[in-house]
Amino acid sequence: MTLLPVTGLYHSGVVVDDCLRSIENFSRIFGIPVWEAQTLTNADFREPRVHGQDLPQHFMSAVAMNGPVGFELCESLAGDRSVYGQFKAEAGLGLQHVFYTILDQSEFAATERRLAEARIAPAQSAIISDTVDYYYFDTIDSLGAYAELLVVKGPNPAGGPPDVHAFGPEVTELPGRAPIDRLYRYVVVTSDIDQTRASYSQFYGVTDWRTLLLVSADGHTRRSFAGRAGQLAVELVDAASAPQLATRLGRANGPRLSHLTVSIYSPDEADAALSWFQDQGMSVAEKLATPDGLLEFVRLDGRSLLDGVDLEIIVRKPAAADPVDALYLAP
């Protein structure tokens with residue numbers, strides 16, 4: 001039985017150096033107009049825990065309120081010993097958690113029992129208010145990211161009123177801005193692709209996997225598996241066949257959430273989009289194609305602009321099959 005149900009597509013969590021600087025950069029690239037930011041400590045929660053201990057939490061969280069891709073940006077502050085600070089110390093900046101599950105109390109009771117039986121414990125948790133609890137489950141060594149879950153009992157948020165940060169068209173609608181459709185899937189690089197695939201099948205119920213082979217200009221072949229469960233779509237890349245992505249592995253070479261697939265373009269659209277991304281400071285990091293050459297995968301370097309979040313676009317030649325079906329991307 002699936003350990004954690006997929007109930008929606010909420011956000012990807014990113015550990016950043018400077019939340020307020022980063023939200024403007026993310027708004028510029030993704031066209032996100034509004035964020036809600038809060039600085040939170042243990043005093044804002046009841047029963048805050050980090051790996052089961054009452055450790056100090058001190059972080060800023062900024063959540064994108066709308067836009068084509070959902071994000072939570074998390075900045076570890078002075079004295080913080082939360083999973084954000086731990087991740088930054090061990091792995092640096094970048095994609096850290098995924099959020100696909102919101103449950104009510106009765107649904108969570110059954111889910112909590114299944115997770116306990118599978119010996120999967122929370123890495124971080126707290127009672128936010130009388131109406132919301134949150135959990136990050138300790139799946140980073142098996143899935144490449146923490147799995148976030150909210151238990152919703154009503155509408156009250158954590159802490160005080162959030163600070164609203166809004167950006168106008170001078171940021172979100174720059175001339176020629178490359179259109180970003182949505183999050184099609186996230187990409188995980190792993191040194192043990194069979195074990196990681198088994199973990200996704202057990203945890204999220206991803207069981208129908210499709211093999212994807214991509215070829216670089218020098219003839220090197222990258223091997224991966226793409227699968228989906230509801231609105232969760234993931235590609236698992238075999239690190240042994242992906243030397244560029246393998247450099248991202250950490251935490252004893254466990255899996256690592258690497259980058260996000262966000263757009264599908266025609267060749268003409270792709271030329272304009274790549275020019276715009278490069279003008280913003282996102283250069284091409286890697287290009288791969290299907291063996292027939294009809295689909296090209298271009299990864300853009302997000303280290304300087306997006307706190308290590310690389311973006312992938314797919315270029316679809318006119319004769320190509322629909323990549324949403326052919327590559328098992330999220331619906």
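Colour the protein chain by pLDDT, the predictor's confidence in each residue, from 0 to 100: the chain averages 92, and 95% of the residues score at least 70. Confidence is lowest in helix H9 (residues 323-326), with a mean of 68, and highest in strand S5 (residues 71-76), at 98. Helices (H or I, at least four residues) and strands (E, at least two) are DSSP runs numbered from the N terminus. This is a predicted model, in which local features need pLDDT of at least 70 and side-chain atom pairs count only at pLDDT 80 or more, while totals for chains, interfaces and linings use all residues. Residues are numbered from 1 along each chain as its sequence is written, and side-chain values use heavy atoms, with hydrogens and water left out.

**The open sheet**

Select next the open sheet of 10 strands, whose order is S3-S7-S8-S9-S6-S1-S5-S4-S2-S10, with mixed pairing; two strands pair if DSSP finds at least two bridges between them. Its edge strands are S3 (46-50) and S10 (163-166), each pairing on one side only. Within this sheet, S6 (residues 94-103) and S9 (residues 146-152) run parallel and are joined by six bridges; Thr101 stands opposite Leu149 in S9.

Show S11 (residues 185-190), which runs parallel to S14 and is joined to it by five bridges; Tyr186 stands opposite Val234. S13 (residues 221-229) runs antiparallel to S14, with six bridges, and Ser224 stands opposite Val237. S13 and S14 form a hairpin with two residues between them, and Gly230 in the turn has a positive phi of about 60°.

**Helix H6**

Finally, select H6 (residues 193-204) and display the side chains of its buried residues: Ile193, Thr196, Ser199, Tyr200, Phe203 and Tyr204. Viewed down the axis of H6, these residues fall within an arc of 120° and so line one face of the helix; the arc is that of the directions from the helix axis to the C-beta atoms. Just after H6, Gly205 takes a positive phi of about 80°.

Definitions and conventions: Buried < 20%, exposed > 50% of the residue type's maximum accessible area, 1.4 Å probe, protein only.
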